Amino acid sequence: MTLGKHDIEKIREEFPILHQKVHGKPLVYFDNAATTQKPLSVINALNEYYTKNNANIHRGAHTLADRSTGMFEATRITVQAFINANEAEECIFTKGITEGINLVAQTWGRQNLKAGDEVLITYMEHHSNIVPWQLICEEKGALLKVIPIHTNGELDIEAYKNLLSVRTKLVACVWASNALGTINPIEEIISLAHEKGALVLIDGAQAGSHIEIDVQALNMDFLVLSSHKLYGPTGVGVLYAKRAILESMPPYHGGGEMIKEVSFSKTTYADIPFKFEAGTPNIGDVIAFKFAIDYVTSIGKKAIANYEHELLVHFTNGLHAINNKLGSNLIELIGTAANKVAVQSFTLKDKHPFDIGMMLDAKGIAVRTGHHCTQPLMAFYGIEGTIRASFSFYNTKEEIDILLHSLETILSRN
Ligand code: PMP
């Protein structure tokens with residue numbers, strides 16, 4: 001099952017932003033790992049919310065407040081189904097993955113980590129799954145240890161097994177790497193951690209839109225997602241955790257909405273999920289997020305994954321063909337794991353990634369260049385950064401050919 005030409009044409013009609021020229025050339029958007037574009041259903045949901053339904057949620061005794069509350073909570077139920085959580089209350093709305101990880105580090109981490117404990121992360125983590133652990137480990141005297149990777153970008157599972165011990169309290173691991181595309185074997189990672197009594201946090205940033213998520217089947221303790229990587233608005237994310245874990249954790253932010261009763265001498269906290277949702281949330285964007293999930297679900301993750309894989313293979317074959325044609329390895333592929341999402345990093349010999357990014361932009365092609373918030377990973381490869389093309393189901397092989405042709409032209413010039 002994959003997406004055909006006709007499907008893609010129909011899909012592209014749903015994304016108005018794609019139909020524009022940049023520097024006089026049709027936009028080719030290959031920066032999907034940074035953020036995905038939004039379908040009309042999401043854009044219209046935002047418009048409709050602010051034109052018809054805007055009101056603060058949960059306390060209002062009026063119609064608009066009821067409507068807003070209903071729609072906000074409908075997203076929670078959609079998220080529950082999307083990740084197969086046991087209960088909607090296990091899904092906490094956040095600003096995004098960064099906030100979700102900081103929440104876990106500052107609440108669960110502060111409560112559970114002590115001197116001598118260990119937190120394991122991988123070499124391919126995004127800064128948002130490194131720095132929050134550095135902060136709390138430093139405060140608690142716990143040790144942050146790093147699971148190495150092989151040069152093709154696959155996790156070194158044997159090294160992981162050796163690092164795991166009774167001192168390990170948490171393993172925080174990216175499901176799919178934003179810089180390399182590697183899909184990590186999280187089922188194995190989780191069960192090995194559980195054997196040692198450690199909990200696992202999975203960063204689902206690059207996985208959510210193409211890999212089926214079943215938090216119960218995978219026995220996940222924590223999962224973090226960002227709506228904007230899933231065709232939804234920015235400023236919304238989800239932290240999933242098992243009920244018992246969430247109930248054991250202290251609140252993160254104090255304020256309105258997260259309390260049962262406040263007096264100057266003592267405050268009691270609301271039940272989950274509200275205990276972790278202090279203040280007025282990003283109501284409109286949470287409501288629109290539901291439409292993004294519905295959109296992805298309506299296309300189907302299997303078809304999305306298969307089609308995006310075709311795009312990845314088309315691109316990597318094209319890069320190899322340029323190397324063969326020009327006679328030497330002018331293009332180096334960074335991240336060649338067997339199991340990947342449609343993300344390909346590469347460098348061009350003697351060329352700075354940023355300069356290439358600018359040259360491609362002049363041709364209407366949007367790629368990302370730099371360290372991709374994975375500086376330790378770049379250090380592992382001995383580079384400052386890469387050029388990264390990341391594909392979505394609305395991209396086409398014709399667009400990839402435009403990129404390949406541009407790269408070949410750049411490399412042929414000298
Ligand atoms: N982890 C990964 C793998 C990512 O790709 C990103 C976003 N680039 C993040 C975490 C952080 O997500 P956000 O900026 O939405 O908090």
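**Reading a predicted model, value by value**

Student: Does H23 count as buried or exposed, and what makes it so?

Tutor: H23 has 52% relative accessibility. Exposed means over 50%. The value passes that cut-off, so H23 counts as exposed. Keep in mind that this is a predicted model.

Student: Where is H23 placed?

Tutor: H23 sits in the loop between strand 1 (21-22) and strand 2 (25-26).

Student: What stands out about the phi of H23?

Tutor: The phi of H23 is positive, about 50 degrees, although H23 is not a glycine. Most residues other than glycine have a negative phi. H372 also has a positive phi, about 55 degrees, and is not a glycine.

Student: Does H372 count as buried or exposed, and how do you know?

Tutor: H372 has 6% relative accessibility. Buried means under 20%. H372 falls under that mark, so it counts as buried. H372 lies in the loop between strand 16 (368-370) and helix 12 (375-381).

Student: What about the peptide bond from I272 to P273?

Tutor: That bond is cis, with omega near 5 degrees. Most peptide bonds are trans. P273 belongs to the loop between strand 12 (267-269) and helix 9.

Student: Now S227. Why is it called buried or exposed?

Tutor: S227 has 0% relative accessibility. The limit for buried is under 20%. So S227 counts as buried. It is found in the loop between strand 9 (222-226) and strand 10 (237-241).

Student: Which residues does S227 touch, not counting those up to four places away in sequence?

Tutor: S227 touches G232, P233, V236, G237 and F289.

Student: What makes L46 partly exposed?

Tutor: L46 has a relative accessible area of 23%. L46 is part of helix 2 (residues 40-53).

Student: Where is E195, and does it count as buried or exposed?

Tutor: E195 is in helix 7 (residues 186-195). It has 65% relative accessibility. That is over 50%, so E195 counts as exposed. Its C-alpha atom is 22 Å from that of I149, 46 residues apart along the chain.

Student: What makes a group of residues a nonpolar core?

Tutor: The members are buried nonpolar residues such as Leu, Ile and Phe, joined through side-chain atoms within 4.5 Å. The largest one here has 105 residues. I83, W175, M220, L223, F315, F393 and L407 touch the most other members. Helix 9 (residues 283-299) gives the most to this core, with 10 residues. At least three of the core residues come from each of domain 1 (5-30 + 300-412) and domain 2 (43-298). Apart from it lies another core, of 29 residues, including I97, I101, A142 and A172.

Student: Which residues is M220 in contact with?

Tutor: Leaving aside neighbours within four places in sequence, M220 is in contact with W175, I186, I190, I202, V215, Y240 and K242.

Student: How far apart are the centres of domain 1 and domain 2?

Tutor: Over C-alpha atoms, 29 Å separate the two centres. The contact takes 33 residues from domain 1 and 33 residues from domain 2.

Student: What is the area buried between domain 1 and domain 2?

Tutor: About 2700 Å². Carbon and sulfur atoms give 60% of that area. The size of an interface is often given as the accessible area lost when the parts come together.

Student: How many helices and strands does the protein have?

Tutor: There are 13 helices and 17 strands.

Student: What makes the protein as compact as a globular protein of that length?

Tutor: The radius of gyration is 22 Å. The globule rule gives 22 Å for 414 residues. The two values are close, so the protein is as compact as a globular protein of that length.

Student: What share of the 414 residues is buried?

Tutor: Buried residues make up 55% of them. The protein exposes about 17300 Å², and carbon and sulfur atoms supply 53% of that.

Note on methods. Residues numbered from 1 in each chain as written. Predicted model: local features only at pLDDT ≥ 70, side-chain atom pairs only at ≥ 80, totals over all residues. Heavy atoms only, no water. Buried < 20%, exposed > 50% of the residue type's maximum accessible area, 1.4 Å probe, protein only. Helix = DSSP H or I, 4+ residues; strand = E, 2+ residues; numbered from the N terminus. Domains from an automatic or database assignment. Contact = heavy atoms within 4.5 Å. Rg over C-alpha atoms; globule rule 2.2 N^0.38 Å. Areas by Shrake-Rupley, 256 points an atom, 1.4 Å probe, with all protein chains shown as cover. Buried area = accessible area lost by both parts, 1.4 Å probe.
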